[in-house]
Each structure stands twice: as structure tokens, then as C-alpha cells.
Amino acid sequence: MSVAEKKPAGAAKDRVLSRRGITVTGGFAVAAVLLVLVPSFTDSFYTFVATRMLLLGLFATAYNTVFGFGGMSSLGHAAFFGIGGYTVGIAVTRWDWPPLVVLAAAVVLGAAVAAVFGVMCLRVRGIYLLLLTLALAQAIAGLAFYQTEWTGGDNGIPNIPRDGLPSSVREGDGYYMLTLVVVAVCVALLWMYQRSPLGMSVVGVRESEARMSATGYRTGRLRVVAFTVSGAFSAVAGVLEVYLQGSVSTANMSWLISADVLVFAILGGARHFLGPFLGAVLVTGLEVWVSTYTDRWTTVLGIVYIATALFLADGVLGRAGWAVRTTKSWWEKKSSPGGAAPPGAAADPAGVPAEVRA
């Protein structure tokens with residue numbers, strides 16, 4: 001193929017990428033504006049719900065670092081979420097630490113415990129990894145339950161104040177904006193990690209651990225790194241949750257929370273970066289909406305989960321991408337009757353494109 005024949009195809013590809021980049025940037029800009037305006041057109045209850053959607057979306061995105069991109073199923077992430085919460089409860093009520101110090105301590109503790117989880121899970125895969133992470137998380141929850149002097153046991157730690165926060169972000173709308181900023185920064189950092197060589201190496205381990213090991217990568221270390229990053233940001237979500245609710249208990253470490261975040265990832269699309277975030281928003285919104293009409297809202301959620309497993313194996317974003325690709329293919333066929341070659345691909349009288357003949 002000559003250089004002259006390559007240029008049109010390359011230019012067309014650049015135009016497509018440019019249009020895609022503009023579309024994505026525009027979509028994020030519109031989403032950012034809408035999120036900032038949420039307190040302006042909702043009451044205090046729905047602002048509270050939106051705040052929970054944001055922090056649970058961060059939790060689900062952090063979880064997907066291990067699950068969707070790392071290929072490691074876990075039922076132990078409630079431990080990191082709860083560690084973040086207990087860090088707030090103990091540090092604020094006992095030592096009156098400022099919020100930034102509390103956040104830093106939660107990140108360090110969450111990352112450290114997650115790294116221990118990663119090391120202990122190196123030799124197991126599949127269902128055994130699921131069970132081992134569940135057992136480890138339950139062990140930490142049991143420790144919190146019996147350390148009543150520090151954690152309050154089954155009663156937890158109530159009445160956790162927001163006095164350390166600036167006065168402008170202590171209440172409803174202000175705390176929503178604070179959560180929005182923290183979540184935006186954390187999601188951006190997770191995106192940078194996921195697109196970095198380190199994050200892509202973890203994806204390589206998911207695809208073929210044997211090949212990555214054969215090329216010199218220390219796959220065990222990469223798995224531990226994935227757990228560490230995930231645990232750190234999960235703890236941040238736990239901090240935001242406890243500041244929002246004003247209390248923390250062993251319920252913050254329940255295995256049901258780990259199961260919920262697993263469902264968020266599957267429903268939204270675990271192979272897409274923002275899929276779990278979307279799943280958290282959808283499930284939380286559906287829970288609030290259905291519960292206003294019936295006490296049997298858990299049954300409705302169960303039906304949704306079953307339908308997801310049967311018909312949305314690739315999640316909402318995965319199915320949406322499939323629909324877009326199908327529609328685009330149909331439109332291209334419709335606009336090119338007779339199977340004409342795309343622009344820039346000249347064909348000879350026998351119908352063979354110039355690129356093939358070259």
C-alpha cells in the first residue's frame with residue numbers, strides 16, 4: 001500500500017477519535033453541571049439520597065479495581081469500608097482529630113488491611129477467593145464486635161459530629177458538594193491508575209496470568225497492588241458514609257454490603273470503568289423509588305438482579321454499547337446500498353478494495 005493510500009484512512013480515523021473525544025468531554029461537562037445543580041432542584045431528602053449515590057458509586061468503582069479489571073471476585077470489601085467508618089468514629093469522638101488527618105489515617109489503614117488480604121489470597125482463585133475474602137472480612141467484623149471499649153460493640157459509635165468540617169459543608173447541601181468534590185477527585189485518581197502501565201498490567205494478569213508471568217511480571221505483586229488501591233479508596237467511601245450518617249456500627253462491615261457492591265459492578269458493567277458507579281446509582285435510586293410504593297421492595301430488587309443475570313451479563317453499559325454498535329452498523333448498511341465500499345477504499349472492477357490488492 002502506498003503512502004498516499006494510507007493518509008485518507010489515517011485522517012478518517014483521527015477524525016473519528018476527535019469526534020469521540022469531543023462527545024465524551026461534552027458528556028462529562030453536562031454531567032458535572034447537573035450534579036452541581038442537584039441541591040437546587042431537590043429537597044433535603046433527595047439531596048441525602050444523591051450523596052449516598054455518590055459515595056456508594058466511589059465504593060463500587062474502587063471495588064471494580066479488584067473485580068472487573070483485576071478478575072478477582074471478593075466478598076470482603078465491607079471490611080475496608082467499615083475500617084474507614086470506624087476510623088472516623090474513634091478519631092473524632094476520642095481524639096478530636098481534624099477531617100484531613102482522619103481521611104489520611106483511613107486511607108493508610110484501609111490500604112494496609114487490603115494489602116494483607118491480597119497477600120493471604122495469592123494462592124486461591126475463583127470461588128475459593130470469594131470464600132476466603134468473606135472469611136477475612138467476617139473475622140475483622142467479629143474483632144470490631146468484641147472490642148466494645150473502642151468500637152461500642154453491637155451498639156457502635158453514635159452521634160459522630162461534623163464539627164471539624166468547615167461550617168459551609170456541615171449540613172445537607174454543603175456536605176453534598178463536599179462529597180461531590182471528594183468523589184470526583186478519587187474517581188479521577190482511579191481512572192489515572194487504571195490507565196497507567198501498572199493498572200494495565202493488572203488487566204493483563206486478569207486476561208492471562210501465565211503469559212504475564214512468563215514475560216517477567218510478578219503477578220502476585222500486581223494482585224496485591226490491586227487490593228491495596230481498592231482498599232484505600234473503599235476506606236474513603238466509608239469515611240464519607242459515616243460523616244453522612246453520623247454513626248458507625250458493625251453493620252458497616254456486614255457481608256451484605258460486600259454483596260451489594262458486587263451487584264453494583266455486575267449490573268452497571270464490570271468491564272467498563274464507570275459501570276459500577278452507574279450500577280450503584282441505579283440500585284440506590286430503584287430502592288428509594290420502589291420503597292415509596294411497597295414494603296416488598298427487596299422482592300423487586302431480587303427480580304431486577306435475576307433479570308440482570310439472565311439478560312444483562314455484560315451490564316447496562318455493555319448492553320448500551322452493543323445497542324449503539326448494532327444501530328451504527330445498521331445505519332451504515334442502510335446508507336451504503338449494495339454493499340458499496342466505504343469512502344477512501346477504491347475497488348477494482350472485480351470488487352476487490354485497493355487496500356487488499358496492495
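1. Helix α2 makes the greatest contribution to the lining of the largest cavity, supplying three residues. The model under review is predicted.

2. The count of cavities of 30 Å³ or more comes to one, and the largest cavity has a volume of about 30 Å³. Its lining consists of Thr61, Asn64, Thr65, Phe69, Leu190, Gln194 and Phe273. Two or more of these residues come from each of α2 and α7.

3. In terms of residue class, the lining of the largest cavity comprises four polar and three nonpolar residues, with no charged residues.

4. Helix α7 spans residues 172–195, 24 residues in total. From the first C-alpha to the last it reaches 34 Å, close to the 34 Å expected at 1.5 Å a residue.

5. Buried positions in α7 include Leu190 and Gln194, both of which also line the largest cavity. Gly174, Tyr175, Tyr176, Thr179, Leu180, Val183, Cys186, Val187 and Tyr193 of α7 are likewise buried.

6. The second largest pocket holds about 430 Å³ of space. Its lining is made up of 22 residues, and those that lie nearest the centre are Arg52, Leu56, Asp260, Phe264 and Glu287.

7. At least two residues of that pocket's lining are supplied by each of α2 (44–66), α11 (255–268), α12 (275–291) and α13 (297–311). Helix α2 therefore deserves attention in both places, as an element of the pocket lining and of the cavity lining.

8. The lining of the second largest pocket divides into 15 nonpolar, four charged and three polar residues.

Notes. Residues are numbered from 1 along each chain as its sequence is written. This is a predicted model: local features need pLDDT of at least 70, side-chain atom pairs count only at pLDDT 80 or more; totals for chains, interfaces and linings use all residues. Side-chain values use heavy atoms; hydrogens and water are left out. On a 1 Å grid over the protein atoms alone, a cavity is a set of points where a 1.4 Å probe fits but cannot get out, and a pocket is an open set with protein on both sides within 12 Å along at least five of seven lines; lining residues have an atom within 4 Å of a point. Grid points are joined across faces, edges and corners, and a volume is the space filled by probe spheres set on the points. Helices (H or I, at least four residues) and strands (E, at least two) are DSSP runs, numbered from the N terminus. Ala, Val, Leu, Ile, Met, Phe, Trp, Tyr, Cys and Pro count as nonpolar, Asp, Glu, Lys and Arg as charged, and the others, Gly among them, as polar. The expected span of a helix is 1.5 Å times one less than its number of residues. Buried means under 20% relative accessible area, exposed over 50%, partly exposed in between (1.4 Å probe, protein chains only).
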